[in-house]
Amino acid sequence: MLNDTLLINKKSWDEVAPRFYGRTALPEYGPFAPNENELNLFGDVSGKKVLEIGCGSGHSLKYMEEHKAAELWGVDLSSSQIAAATELLKDINVKLFDSPMEMNPGLPHAYFDVVYSIFALGWTTNLDLTLRNIHKYLKPGGTFIFSWEHPIFSRVQNTEHGLSFNKSYQEEGSYEHQAWDHPAIMQQYKVSTYINSLINTGFKIVKMVEDVRVSEELKARDENRWYNWTKVQSVPTTIIFKCEKL
Ligand SMILES: C[S@@+](CC[C@H](N)C(=O)[O-])C[C@H]1O[C@@H](n2cnc3c(N)ncnc32)[C@H](O)[C@@H]1O
């Protein structure tokens, strides 16, 4: 049974899915973040069993197939996203599950070499539970990599007098997503909450990235866009964690 927040978010993602088709997928980690070609966090994935959490339209799984991963598995809350991924990957052997990351739809334990999530994990309504699930799916020594919007980014807004905090960074919990015309509930976790939750679950943090890569395209962008040059000059857009299952 999905809780109320997951039901709202599922409906919303089913509506907006076409707008996000292939939008944030490997080798990209997120807006204005260094990409995998530069970071090489995954290393050689050939022959590896990989699972994507919040696989969206399936473009990162396609990237994994092109890099010769042995098994491709994906989970996503949205039936529209799973349908898009099924179509994109129709000639590839892949296992897709229409399920929230907070639940296990039948994924094997101690099975995957790599679990990853590209700009999806922060949607979780229960961070500890989601991380515990991921920990169970991984083999000992397995790799967990995820990217998400940097927690400080949504707390800072552009005003005519410069950047200002619209809410305290300390304040965690759910809030209504403003940017869509469909209601969606997002979650705010501090960076230390991610770190402590990873540690408490049994992960070793191998690397964190919060760098920004600026392009001419970004500089030329409309200042009203969510990821705009004024803001990105001072605030990181994306945070990336690479972890190992202890
Ligand atoms: C920004 S998209 C990720 C895009 C993906 N990297 C791609 O290449 O298409 C975020 C994804 O998270 C999914 N999502 C949101 N909440 C979720 C949840 N609780 N469990 C699983 N997936 C969720 C959405 O349906 C959406 O596909």
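Which residue in β9 is the bridge partner of Gly-173? The bridge partner is Gln-188.

## Basis of the description

The structure is a predicted model, in which local features need pLDDT of at least 70 and side-chain atom pairs count only at pLDDT 80 or more, while totals for chains, interfaces and linings use all residues. Residues are numbered from 1 along each chain as its sequence is written, and side-chain values use heavy atoms, with hydrogens and water left out.

Helices (H or I, at least four residues) and strands (E, at least two) are DSSP runs, numbered from the N terminus. Two strands pair if DSSP finds at least two bridges between them.

## Strands β8 and β9

Strand β8 (residues 173-176) pairs with β9 through four bridges in the antiparallel sense. In a regular strand, side chains alternate between the two faces of the sheet. Strand β9 (residues 185-188) is covered on both faces, with Ile-185 and Gln-187 buried on one side and Met-186 and Gln-188 buried on the other. Buried means under 20% relative accessible area, exposed over 50%, and partly exposed in between (1.4 Å probe, protein chains only).

Gln-188 counts as buried at 3% relative accessibility. Its side chain makes a polar contact of 3.2 Å with the side chain of Ser-154. A polar contact is a pair of N or O atoms within 3.5 Å; within protein, one must be able to donate a hydrogen and the other to accept it, and residues adjacent in sequence count only if both atoms are side-chain atoms. Leaving aside neighbours within four places in sequence, Gln-188 is in contact (heavy atoms within 4.5 Å) with residues including Pro-151, Arg-155, Glu-171 and Tyr-175.

## The seven-stranded sheet

Seven strands form an open sheet with mixed pairing, in the order β3-β2-β1-β4-β5-β11-β10. Strands β3 (94-98) and β10 (203-209) stand at the edges; each has a single partner strand, so one side of each lacks a neighbour in the sheet. Strand β10 runs antiparallel to β11 (residues 238-245), and six bridges join them. Within this pair, Met-208 stands opposite Phe-241 in β11.

Helix α4 (residues 79-88) lies across β2 and β3, running at about 165 degrees to β3. Such angles run from 0 to 180 degrees between N-to-C directions, with axes as lines fitted to C-alpha atoms, for helices over the stretch in contact. In α4, Gln-81, Ile-82, Ala-84 and Ala-85 are buried. These residues cover an arc of only 160 degrees around the axis, which puts them on the same side of α4; the arc is that of the directions from the helix axis to the C-beta atoms. The buried residues of α4 pack against α1 (4-16), β2 and β3. At the N-terminal end, Ser-78 caps α4, with a side-chain oxygen 3.2 Å from the backbone nitrogen of Ser-80.

Thr-130 lies in helix α5 (residues 127-137) and is buried, with a relative accessible area of 0%. A polar contact of 2.6 Å joins its side chain to that of Thr-124.

## The ligand site

The ligand is surrounded by 22 residues, the closest being Thr-24, Asp-76, Gln-81, Met-101 and Ile-118. A residue is near a molecule or strand if one of its heavy atoms lies within 4 Å of it.

An N or O atom in the side chain of Gln-81 is 2.8 Å from an oxygen atom of the ligand. A backbone N or O atom of Met-101 lies 2.8 Å from a ligand nitrogen atom, and a backbone N or O atom of Ser-57 lies 3.1 Å from a ligand oxygen atom.
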